[in-house]
Amino acid sequence: MTSAPPSPVPPASSPAAPGAAPSEAAAIVLPKTSESPQLLRIRHSMSHVLAMAVQKLFPRAQVTIGPWTESGFYYDFDNPDPFTEADLKAIQKEMGKIIARKLPLERIEVSREEAERRIRAQNEPYKLEILEGLSEPITLYTLGDQWWDLCAGPHVAHTGELHPKAFALESVAGAYWRGDEKRAQLQRIYGTAWETPEQLAEYQRRKQEALRRDHRRLGTDLDLFSIEEEAGAGLVFWHPRGARMRLLIEDFWRSAHFEDGYELLYTPHVADLSLWKTSGHLDFYSESMFGPMAVDERQYQLKPMNCPFHVLTFASRLRSYRELPIRWAELGTVYRYERPGVMHGLMRVRGFTQDDAHVFCLPEQISDEILRVLNLTERILSTFDFRSYEIHLSTRPEKSIGEDAVWELATAGLVEALDRKGWAYKVDEGGGAFYGPKIDLKIEDAIGRLWQCSTIQLDFNLPERFDLHYVAADGSRCRPIMIHRAIFGSLERFFGVMVENYAGDFPFWLAPEQVRLLPVTDDALPWAEELRGLLAAAGIRAGIDHSGDRLGKLIRNGEQMKIPVLGVIGGREAETRTVSLRSRRQGDLGSVTADALVSAAAAANAGRLATLALA
């Protein structure tokens, strides 16, 4: 994990960080399946125990696939009746009995004919289809002498290695066979399994904390956004409060890019279908694109990417090597077809705005430009309190384009930039795109989850496809290096991650309503209105609670909406032209003058601060 230079961060249990998890959360490290061979064996074996238990309790249930996941396991079943919560409890109890019997899990190699004979004897049509896609040798794993499945392993030696109090069944969801909505709908039972009961308890605590932070619930509770099914799935409606926050994010993003030497572009939402043929998207990305539309006897396509538009802008006139590097950025809305089962709040939608940027540079400029992008990425993400990152460098895959010398130069440029930055990174050998190597950056949130956001990719493909060139110092025509770069990834997804990171308790500078004035009596209302006007004139987002409720209810209403600062105005405050302040993060701030409040709030906005600094 790479961290930015240290900055004062309060303990997670401190009042200064009301949205954070308890500080003892860091005491138990939860390993990932991919990082722990034993955990992989435990979870893979537990999926077989699950399937055996289901088929004992529900003899008509047919099994399909049952892999491990990063936090547990699942198995897909074709069962005539839907599984209920009561069924899950019964299945979990039966799994405990299987574990207690210490049944061996044994690997057996069989011929294809023998495997088919066994499957037909059990009348398992899904296993037959799985068998068709397997190459020899065919391996089975038996669980005792009562149950078996096609499987390559690995597994524990016997079920006695599975702790009976370190697993739990979690939920049932629908899943299509082979992920194809035109095929049978199955029931997927999810479970989690760990090495110790303490790990399970910590996982369940973190899961509850994640539910508390769920951006979909908070988006409704705080009136930030909605997805209206009447308009279409995966399309986001930004409400006034969320739109105000989005504008603040966009304005900061633009100013940071102007300061870093970028210029802004605005490009169309559609283009002639031929553009997507030239770019290659029609050949390699068509399943994720909406269908074309006919206009004036031409076929137009909603854009799934901004890249070809920036390429056309570069090609609009002849460029000189003296102009490079050229840095162009755009908050460009794109449209991609996502399957109904994978859309999730703001995290995966069909229309979203990418914070795209493209740098066109000379080969010898790669390292400097990548370092510049890394510095800008750190500046922007740390403003939203993301300061710990996991970095991955992905190198040339087997199927790729471009000359070896160019790949080596590009990869060396990425490595040099990361080394100059001083960030540790993992190498994903062969994990690059077919058109160039890349750097991916995952951000860690307040409860330790990693989110893929930023990416930096070098591209030799589009400059070739669109025949881009610049005039070199010797007068020859040369291809530029193209760098794709996104810091948020998309505004929608980043917004969702940010909501969950803060648990909806936003820092002062970012909150949609920064100050809410609470007039206790009608006589206090004129001063409240005047004070709101003074705050608004200084660019401070202030509101007034006109409900006329008792003070306790007024405060509770403000706290439920997570307003950073509440200002109580009674008769004494109206007479002295002051306001009594209550901060979510700082507690009681006492009575202050209007000038003091306006000055402190304006300074917090200018410095993008979480709290007020009152003299």
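The model is predicted, and its chain of 615 residues has 51% of them counted as buried. The chain contains 18 helices and 29 strands, and its C-alpha atoms fill a box of roughly 90 × 75 × 55 Å along the principal axes.

**Overall make-up**

- Among contacts in the chain between residues at least 6 apart in sequence, 70% join residues that are at least 24 apart.
- The chain exposes about 28,200 Å² of surface, and carbon and sulfur atoms supply 51% of that area.
- The side chains include 72 positive and 85 negative ones, and the centres of these two sets lie 3 Å apart.

**Strand 27 and its two partners**

- All 5 of the 5 residues of strand 27, which spans residues 565–569, are buried, so this strand is largely enclosed by the rest of the structure.
- In a regular strand the side chains alternate between the two faces of the sheet.
- In strand 27, Val565, Gly567 and Ile569 point one way while Leu566 and Val568 point the other way, and the residues of both groups are buried.
- Strand 25, made of residues 515–519, pairs with strand 27 in the parallel sense over 5 bridges, and within this pairing Val515 has Val565 of strand 27 as its bridge partner.
- Strand 28, made of residues 578–583, runs antiparallel to strand 27 and is joined to it by 4 bridges, with Ser583 of strand 28 standing opposite Val565.

- Strands of a sheet pair through backbone hydrogen bonds, either parallel or antiparallel.
- Here 3 strands form an open sheet in the order 12-14-13, and the pairing is antiparallel.
- Strand 12 (270–272) and strand 13 (293–295) are the edge strands, each of them pairing on one side only.
- Neighbouring strands of this sheet are turned by 40° against each other on average, with direction ignored.
- Strand 13 pairs with strand 14, residues 298–302, in the antiparallel sense over 3 bridges, and Val295 has Arg298 of strand 14 as its bridge partner.
- Glu297 lies in the loop between strand 13 and strand 14, and this residue has a positive phi, near 65°, although it is a residue other than glycine.
- Glu297 counts as exposed because its relative accessibility is 84%, the cut-off for exposed being over 50%.

- Strand 15 and strand 22, the latter made of residues 470–471, run parallel and are joined by 2 bridges, and Arg319 has Tyr470 of strand 22 as its bridge partner.
- The loop between strand 15 and strand 16 (326–335) contains Pro325, and the peptide bond from Leu324 to Pro325 is cis, with omega near 5°.

- Most residues other than glycine have a negative phi, and most peptide bonds are trans.
- A cis peptide bond, with omega about 5°, joins Gly153 and Pro154, and Pro154 is found in the loop between strand 6 (147–150) and strand 7 (167–176).
- Ala503 has a positive phi of about 55° although it is not a glycine, and Ala503 lies in the loop between helix 14 (491–502) and strand 25.
- Ala503 counts as buried because its relative accessible area is 3%, the cut-off for buried being under 20%.

**Helix 10**

- Helix 10, residues 307–314, is mostly covered, with 6 of its 8 residues buried.
- The buried residues of helix 10 are Cys307, Pro308, Phe309, His310, Val311 and Phe314.

Conventions
Residues numbered from 1 in each chain as written. Predicted model: local features only at pLDDT ≥ 70, side-chain atom pairs only at ≥ 80, totals over all residues. Heavy atoms only, no water. Buried < 20%, exposed > 50% of the residue type's maximum accessible area, 1.4 Å probe, protein only. Contact = heavy atoms within 4.5 Å. Areas by Shrake-Rupley, 256 points an atom, 1.4 Å probe, with all protein chains shown as cover. Lys, Arg positive; Asp, Glu negative; His and termini not counted. Charge placed at Lys NZ, Arg CZ, Asp CG, Glu CD. Pairing = 2+ DSSP bridges. Axes fitted to C-alpha atoms, helices over the stretch in contact; angles between N-to-C directions.
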